[in-house]
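Take a walk through this model with the sequence at hand. We start with charged pairs, then turn to a helix and a loop.

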Amino acid sequence: MTPLDYEYLRKALKDRSGLDLSLDKQYLVESRLLPLARRYGLAGIPDLVQKMKGGADKIIAEVVEAMTTNETFFFRDKLPFDHLRDEILPALLQARAGRRSLRIWCAASSTGQEPYSIAMCLKELGPAVAGWRFEIVATDLSPSVLEKSKSGLFTQFEVQRGLPIQLLVKYFKQTGELWEVSPELRAMIQHRQFNLLQDYGQLGMFDVIFCRNVLIYFDQATKISIFERLAKRLEPDGYLALGAAETVVGLTDAFKPHATRRGIYLPNTVAKAPSIVPAAKPAWASARAG
């Protein structure tokens with residue numbers, strides 16, 4: 001792969017997905033794109049680049065998908081789900097008591113472990129949310145990971161990463177060598193292919209946005225743009241959850257860090273009401289970080 005080929009790929013990936021590859025990631029490009037080139041009967045990445053330059057949209061989409069990181073697991077990092085249980089849901093259940101509904105956006109949802117983890121958090125509230133309507137919108141750039149998420153099927157290895165045995169037994173059934181998510185959880189989630197560089201207006205408004213472990217791949221200008229657009233999709237008393245290595249500090253005034261909940265950010269427009277902590281912790285509260 002020549003420097004010109006690599007520069008073309010860097011620009012194409014940034015324009016299509018926001019992914020900002022540094023100059024030292026050529027090895028990563030080669031490891032991920034060589035199998036794709038061979039699948040198309042091409043000699044190597046230079047030929048793949050020529051196909052892309054010729055306007056082969058299918059190949060361009062597959063290149064973007066091959067370069068997208070889809071690492072995820074159930075209750076990943078644990079802390080955001082503790083905050084969801086102890087801070088976010090109690091406050092919003094009180095604030096939304098009149099309409100009895102919540103909308104949650106899980107951006108860059110990958111193969112579904114995060115939105116299904118959120119759904120289990122909601123179901124574990126039990127009788128306290130009888131009659132409530134919950135809508136989790138799971139979006140991702142990749143059609144293939146969304147299809148896996150929709151299927152609700154996970155391997156033994158996947159369910160062993162972060163998922164407590166109590167919740168596995170309660171919300172999954174074994175189907176051959178796979179574990180299948182219960183219909184009640186699947187019914188809570190809407191899957192939509194969506195690029196974070198697109199217009200967000202089509203998605204509507206949300207009470208909570210999980211946008212975790214994706215912004216680390218973007219440059220500063222793209223992060224700023226995304227934060228500004230996320231702020232317009234979040235209710236004034238809503239919550240934004242970011243990954244452990246992500247922050248709004250120094251990038252935007254649209255959000256401010258929560259005073260006591262690391263990784264949680266608030267729209268910079270209203271003061272938050274005091275937290276209401278539930279008396280009992282559900283089974284997943286003891287899950288270890290994966």
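Does R39 count as buried, partly exposed or exposed, and at what relative accessibility? The model is a predicted one. In it, R39 has a relative accessibility of 58%. The cut-off for exposed is over 50%, so R39 counts as exposed.

R39 has a charged partner. Its side chain meets that of E62 in a salt bridge, at 2.4 Å from N to O. R39 belongs to helix α2 (residues 26–39), while E62 belongs to helix α4 (residues 57–67). The pair therefore ties together parts that are 23 residues apart in sequence. E62 sits at 18% relative accessibility. Buried means under 20%, so E62 counts as buried.

Now go to the strands. The side chains of E135 and R103 form a salt bridge, 3.1 Å from N to O. E135 lies in strand β2 (residues 133–140) and R103 in strand β1, so this pair ties together parts that are 32 residues apart in sequence. Here both partners, E135 and R103, are buried.

E147 pairs with K150, and their closest N and O atoms are 3.5 Å apart. Both lie in helix α7 (residues 143–151); because they are three residues apart there, about one helical turn separates them. E147 is partly exposed, at 47% relative accessibility. K150 is also partly exposed, at 37%. Elsewhere, salt bridges with shared partners link K78, D82, R85 and D86 into one network. The count of salt bridges comes to 21.

Next, look at helix α5. It covers residues 79–95, 17 residues in total. From first C-alpha to last, α5 reaches 23 Å, close to the expected 24 Å. How enclosed is α5 by the rest of the structure? Of its 17 residues, 14 are buried, so α5 is largely enclosed.

Finish in a loop. S109 sits between β1 (101–106) and α6 (113–123). Is S109 buried or exposed? Its relative accessible area is 1%, so S109 is buried. Which residues does S109 touch, leaving aside those up to four places away in sequence? They are P115, A138, T139, D140 and L146.

Key: Residues numbered from 1 in each chain as written. Predicted model: local features only at pLDDT ≥ 70, side-chain atom pairs only at ≥ 80, totals over all residues. Heavy atoms only, no water. Helix = DSSP H or I, 4+ residues; strand = E, 2+ residues; numbered from the N terminus. Buried < 20%, exposed > 50% of the residue type's maximum accessible area, 1.4 Å probe, protein only. Contact = heavy atoms within 4.5 Å. Expected span 1.5 Å × (residues − 1). Salt bridge = Lys/Arg side-chain N within 4 Å of Asp/Glu carboxyl O.
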